[in-house]
Structures are given as structure tokens and as C-alpha cells.
Amino acid sequence: MLQLVRAGAQAWLRPSGCRGLSSLAEEALRPVKKSEPEPQSSAGVQEPVLRRCELPVPAHRRPVQAWVESLRGYERERVGLAELHPDVFATAPRLDVLHHVAIWQKNFKRISHAKTKTRAEVRGGGRKPWQQKGSGRARHGSIRSPIWRGGGIAHGPRGPTSYYYMLPMKVRVLGLKVALTVKLAQDDLHIVDSLELPTADPQYLMELAHYRRWGDSVLLVDLTHEEMPHNIVEATSKLKTINLIPAVGLNVHSMLKHHSLVLTLPTVAFLEKKLLWQDARYTPLYPFRLPYRDFP
């Protein structure tokens, strides 16, 4: 209505020979085109992606992104982004597989040394305590029988006993994937560009972990033991709650034991390559050959 009134006023003030009110009304009723916003020169600051997922990703999935941090200062908490393979860091949370692998790691090196003596190993009891008949008492042949006090044990442990068994390699690999997935989902997996520290003082590392809320225990993982920086090795050697291991030693028990897991960018690439290779292989890890001594 306001546009129609404006058009009428403009027609009244115009000189003769201008368009009529009907054409002016049609012009007023015509929808007004909104002025499009001018394109901004800068599309906003985007965080740099420091690592792309190099291995092929399934068509129905997308890489998972995580922040990359730095240990060179308190404030350098986010220096970029890293893409993680979804088949390693975003698998289904199979807690049953995680439990099987954790129990296997706990037991496959366990050896029980519990041992009891049988009636043949207990000292004494070589003669018959009394004659077979005539005494009115029960028949016994030795005072070291299992039913006697101080006698041998009938079905006791006969150690040392080994609890060794092996899980299939596929199950062990899946356990590692599930542990990495759960750590990332709970925001307990942190990725750093490197393990370089400005100082070898253990107090700096403790304060850094407390400032970033990494929890009471931290597990640092680097690619190889030889490439670990001197400062981080010296700092962790004096701490009990912050441990340092190479990538080949990463296991489910260590990940569950520590509150936070810190991986370097080369470690992420190494884990993705090794764990995905297990999914693609179709031959046995160690081919069967005779004699048995050929096994590693």
C-alpha cells in the first residue's frame, strides 16, 4: 500500500504526458529485486590442513578430522587440522573385541608357579599306620593320604602353568582400531606435529599436560625410538605418569591404562598403513612349512 501511495504521488508531481496511474500501480505491485550483497574479498580464515589422508577411503565414508597441537608452548594448542582414515579411527565400537584383546594381553605371558605336593611327595607315611583288621578303626595304608591332616593334595595345582594362547591377527588388529576409535570419540586422542620441547625440564611437561587437561596419565607415541627428541626422552625418564613408546610398541593395554594418548603425524601415517594392510592381505602372515622349526 505504501508503494502504491508513493507511485501516485510521483505521478501527480510529474508533468503531463507521463504514464497513467494504472501503469504506475502495476509498477508498484511488481516485486522489488533485493540488492545482492557484494562478494567479500576474503572468505574467512580457514584452518590449514597439515595432513591429508593418503590411503584410499571408501566412497560411502569421509575422512575424520582432528586438531593438530604443538608442544612448543602453552598457547599453541591448535596449529592446524589432520585428516584421519575412517577405517582406523572411526570403526564400530566393538567393546567385546576390546575386552578379548585386553584379557589376551594380560594372560598370554602369565605363568603360574603354584604347586602342591601329592601323597607321594609328602614326607613320611611309608608304613601302614595299623593293621588291616581287628582294631575296629577304618582301613588306612598311609598317614599321608589326602583325607588325612597333613597329607598330600589330591587335585591341587601342579605348576608352573602357562596360560599362553594366541588370538587371530584380525582380532588383534580390530582391537587396536577400536581402542583408537574410542580414544578419539572420548576426546582423549591428541595429535601433535612433533614431540619437540623447548626444555628438558619435567615440570614443563607436567604443567603442559595439566594446562591442556590431558588427565593423570599420558602415553606419548613417536615413530621410532631413535628419532625421539632428546628433551622429551629426558623429561619423561623422570616422570612416572607420562610414558614414551615407539609406534611398533603401541598396544591395547597401554592405551586403556593411560588417560590420554598423544600421537605424532608420522605415527598416524604408520598406524594407518599397517592396520589397513591387515585388512587387505589374503595370505597367511607366516606360511606353514615343515619342519615346525621354520616358524619364527
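## Arg-212 and the end of helix H6

Arg-212 is buried, with a relative accessible area of 5%. The residue sits in the loop that runs between H6 and E7. The model described here is a predicted one. Setting aside neighbours within four places in sequence, Arg-212 has contacts with Glu-69, Ser-70, Leu-71, Gly-73, Tyr-74, Arg-76 and Glu-77.

## Overall make-up

The protein has 296 residues, and 35% of them are buried. Its secondary structure consists of nine helices and nine strands. Among contacts with a separation of 6 or more, 73% are between residues 24 or more positions apart.

## The buried side of H6

Five residues of H6 are listed as buried: Pro-202, Tyr-204, Leu-205, Leu-208 and Ala-209. They all lie on the same side of H6, because the arc they cover around the axis is only 160°. An α-helix has 3.6 residues a turn, so residues three or four places apart point the same way.

Which elements are included in what covers the buried residues of H6? Among them are strand E7 (218-222), helix H7 (230-236) and strand E8 (242-246).

## Ser-260

Ser-260 belongs to strand E9, which spans residues 260-264. With a relative accessibility of 1%, Ser-260 counts as buried, since the limit for that class is under 20%.

The side chain of Ser-260 reaches the backbone oxygen of Trp-214 at 2.3 Å. The side chains of Ser-260 and His-259 are joined by a polar contact of 3.4 Å. When residues up to four places away in sequence are not counted, Ser-260 touches Lys-183, Asp-188, His-190, Trp-214, Gly-215, Ser-217, Val-218 and Leu-219.

## Salt bridges

Side chains of opposite charge can pair when their charged atoms come close. The structure holds nine salt bridges. One of these is between Arg-61 and Asp-87, whose closest N and O atoms are 3.1 Å apart. Arg-61 is in the loop between strand E1 (49-51) and strand E2 (64-69), while Asp-87 is in helix H3 (residues 86-89), so this pair ties together parts that are 26 residues apart in sequence. Both partners are partly exposed: Arg-61 has a relative accessible area of 27%, and Asp-87 has one of 22%.

Arg-72 forms a salt bridge with Asp-193, with 3.0 Å between the closest N and O atoms. How many residues apart are Arg-72 and Asp-193? They are 121 residues apart, and the pair links distant parts of the chain. Arg-72 is placed in the loop between E2 and strand E3 (80-84), and Asp-193 in the loop between strand E6 (189-192) and helix H6 (202-211). Arg-72 is partly exposed at 37% relative accessibility, as is Asp-193 with a relative accessible area of 24%.

## A further pair and a network

Asp-96 and Arg-94 also meet through their side chains in a salt bridge, at 2.9 Å from N to O. Is either partner buried or exposed, or what lies in between? Asp-96 is partly exposed, with a relative accessible area of 39%, and Arg-94 is partly exposed as well, with 37%. A network of salt bridges links Lys-115, Glu-121 and Arg-158.

## The largest pocket

The largest pocket has a volume of about 530 Å³. Its lining is made up of 21 residues. Those lying nearest the centre of the pocket are Met-169, Leu-176, Val-248, Leu-250 and Asn-251.

Three helices, H4 (95-107), H5 (169-185) and H9 (265-280), each supply at least two residues of the lining. Which helix gives the largest share of the lining of the largest pocket? H9 does, with five residues.

Definitions and conventions: Residues are numbered from 1 along each chain as its sequence is written. This is a predicted model: local features need pLDDT of at least 70, side-chain atom pairs count only at pLDDT 80 or more; totals for chains, interfaces and linings use all residues. Side-chain values use heavy atoms; hydrogens and water are left out. A salt bridge is a side-chain nitrogen of Lys or Arg within 4 Å of a carboxyl oxygen of Asp or Glu. Helices (H or I, at least four residues) and strands (E, at least two) are DSSP runs, numbered from the N terminus. Buried means under 20% relative accessible area, exposed over 50%, partly exposed in between (1.4 Å probe, protein chains only). The arc is that of the directions from the helix axis to the C-beta atoms. Contact means heavy atoms within 4.5 Å. A polar contact is a pair of N or O atoms within 3.5 Å; within protein, one must be able to donate a hydrogen and the other to accept it, and residues adjacent in sequence count only if both atoms are side-chain atoms. On a 1 Å grid over the protein atoms alone, a cavity is a set of points where a 1.4 Å probe fits but cannot get out, and a pocket is an open set with protein on both sides within 12 Å along at least five of seven lines; lining residues have an atom within 4 Å of a point. Grid points are joined across faces, edges and corners, and a volume is the space filled by probe spheres set on the points.
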